[in-house]
Amino acid sequence: MDIKYGCEEIYENIYWVGSYDKLNGLHCNPYLIIDGDEAILIDPGSVIDFEIVYKNVTSLIDIEKLKYIVLSHQDPDICSSTPLFEKKGVNAKIITHWRTGTIADHYGIKSKKYIVNENRYEITLKSGRKLKFIPTPYLHFPGAIVTYDAESKILFSSDLFGAISTKWSLYADESYMEVMKTFHEHYMPGNQILRPVMEVFLKMDISMIASQHGSIIKENVKNYIMELRDLQCGVLLNPIKKELMKSGGYTFLCNKILDRLKATFKEKDILKCFEGTDIELNKDTLNITNFYCTELELWENFFEIIYTIKGARWITVIQPMVTNLIIEYETVMPEIFRSKMMESENLLIELRDKNKKLTDRISQLNKNIKETSDSIMKCPITNFYNEEFFAGYLSKELNILVQEKFKSKRALLYIDIDNINKINNIYGNAIGDETIKNLAYILNSMKEETHLIFKRKAPGFAYFITGISKSEAIELAETIRNKVEKSEIFIESITVSIGLISFDEIYDGFEENKEKLLKEIMKATQYRLIAAKRLGMNMVVGNSDFKNYKETIGKILIVDKDYTNMDVLKTAFKYENFHVLTAENGYEALKVIEKESPDLIISEIMLPKMEGFILREKMIEDSKEKSIPFIVMSHQKNEDSVIRAMALEVDYYFQKPFLLSEMIGVVKKIIKGVTVNGNND
Ligand SMILES: [Fe+2]
Ligand SMILES: [Fe+2]
């Protein structure tokens, strides 16, 4: 980038402290007024220019001398460098309008403000020098002001009188009028707003206009003001109507546009643009000397050539002027503005519409997919993801763990409601569901960002935690257990049993086999959950041995005096990986129950010493033993014995001879989750 920098004294002790960027047409002009001990920087500029402006300012003054910074309006090319000056230790007051100050704060400006509308739009410096601030609302911001120095009679006009041009010079030459107009046609809202401000300027004694963009006007100042007073610009166009033919026809209009192009772009580029076309230009004036078509065709061809050779940029620069001329001379809009320019805009609108429709459709599809997958993957009661989803999720977690060589910690809790069957039996399934929902609510209320909860098939939950040590996981499990026990939101108090595993207990030997590791984690947690139940429920187990669980889970007691039947059952249940205990009479059975706490009892009614129903009665008297499922098997099955069994909360009544497979199925169903492969069915 070709950037020149340096300071230029434009009046005694008033300096242009900007930079010249040859490639970018929008030059920013900050000005520094030095007044004895005080200095005022007007429109400091953008972050892009900061280094140069700072260097220029500090080449003229010690930075502590900078007492005021004027922000004429809120644009980034004016204000955005202010926080950088603050960072350099500048402690200057910000002179601005309240509307500008409110917005400019968002650049992160911290300095105190001098609000002009609260100070009669003026400031008196220590020397007695006065600066006046003239409101120029909506040119082009509601809080816009310009600065007038009564001593030098310079009007620091901010965006007003500015220009965008690659043919820049510090002081305006004869071509400046046209480029200044282009800038205002693009950036100022309308003549109704521009005119009254220009009327004010006309009454003032202005020696020089120093604008924030473009060049400094020091000759024919009034002409420039009058030109802007009459300029039609922005979107509010209402020019005085003129007759085209009396004015010189389309040739005259094209020449006006050529004058504008001449001021904005290089002459040789304009000549080259029309070279070899139907339109011939004078090499010096760049006005049309001849054309080989009708006048109306000239009006069309002229723009067609510019668009074809120079592209949309040149057309964009002259577009407001052409629009204005069309209204002023009541002529037709050239095709290029109706088609090519509009074409791309219409295409854009069309694409935007299509894109929106597509986006809407995609978001609808995504919504449907999510709803469908949620209905498949979520528990309808708790809205937690279900066990299938959990297995998939855990598998992905293990992928991460394997990749990072098991460096981070994970823990898994299985949380089961202890007496859900009883609640279902007494209050019905709806209340049972409500109980599960309430437990979900408690768990959710305790959940942190690193926790994930899933609903399992069993009446309970899987609680997965990232970045937690085993002792912290046990502490959390105890808190959950305690909270549930004390909670009063359930129809009657419930308790939970919790099995817990810290993944690092399992890793050894499974580094290569992720699927096996996944199964082992789930089995071990399940095992500890069962251990918690067997230890009397309302317990947390996180420290038991789980490696030999195949021999020790699913402990059942068979009570029968019939050895043949006993043997058949013993063999069958052992084959199913149950741990089988036996007793020959009720009295012996009670002793085994007390010592071994079986998960389930299958008992004959007709027993020596103490018959089966009496055994059940004795168990009911003991609060712990009462909850052990009890199956009756007997040749005797009549109305009286069935009524008695029901009164004793017997879970199932088999009449001998029974189907062995049916017995095994019932046992598995009653002690859910006890089987080796974790199959609850
Ligand atoms: Fe601006
Ligand atoms: Fe600006």
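Author: Donors are the N, O and S atoms within 2.8 Å of a metal (3.2 Å for Na, K and Ca), and because water is not among the atoms, sites may look incomplete. This is a predicted model, in which local features need pLDDT of at least 70 and side-chain atom pairs count only at pLDDT 80 or more, while totals for chains, interfaces and linings use all residues. Residues are numbered from 1 along each chain as its sequence is written, chains are lettered from A and ligands numbered from 1 in the order in which they are written, and side-chain values use heavy atoms, with hydrogens and water left out.

Reader: Which arrangement do the 4 donor atoms around the iron ion (ligand 2) make?

Author: The protein donors here are Asp-77 (OD), Asp-159 (OD), Gln-212 (OE1) and His-213 (NE2), at 2.1 to 2.3 Å from the iron ion (ligand 2). Four donors count as tetrahedral if all angles lie between 85 and 135 degrees; four count as square planar and six as octahedral if opposite donors are over 155 degrees apart and all others between 65 and 115, and anything else is irregular. Because the angles around the iron ion (ligand 2) run from 75 to 168°, the arrangement is irregular.

Reader: How much area do domain 1 and domain 2 bury between them?

Author: Domain 1 spans 3-230 and domain 2 spans 244-338, with bounds that come from an automatic or database domain assignment. Their C-alpha centres lie 34 Å apart. Buried area is the accessible area (1.4 Å probe) that two parts lose on being put together, summed over both. With 49% of it on carbon and sulfur atoms, the area buried between domain 1 and domain 2 is about 920 Å².

Reader: Which side chain meets that of Arg-260 in a salt bridge?

Author: Between domain 1 and domain 2 there are 2 salt bridges, each a side-chain nitrogen of Lys or Arg within 4 Å of a carboxyl oxygen of Asp or Glu. At 2.8 Å, N to O, the side chain that meets Arg-260 in a salt bridge is that of Glu-185.
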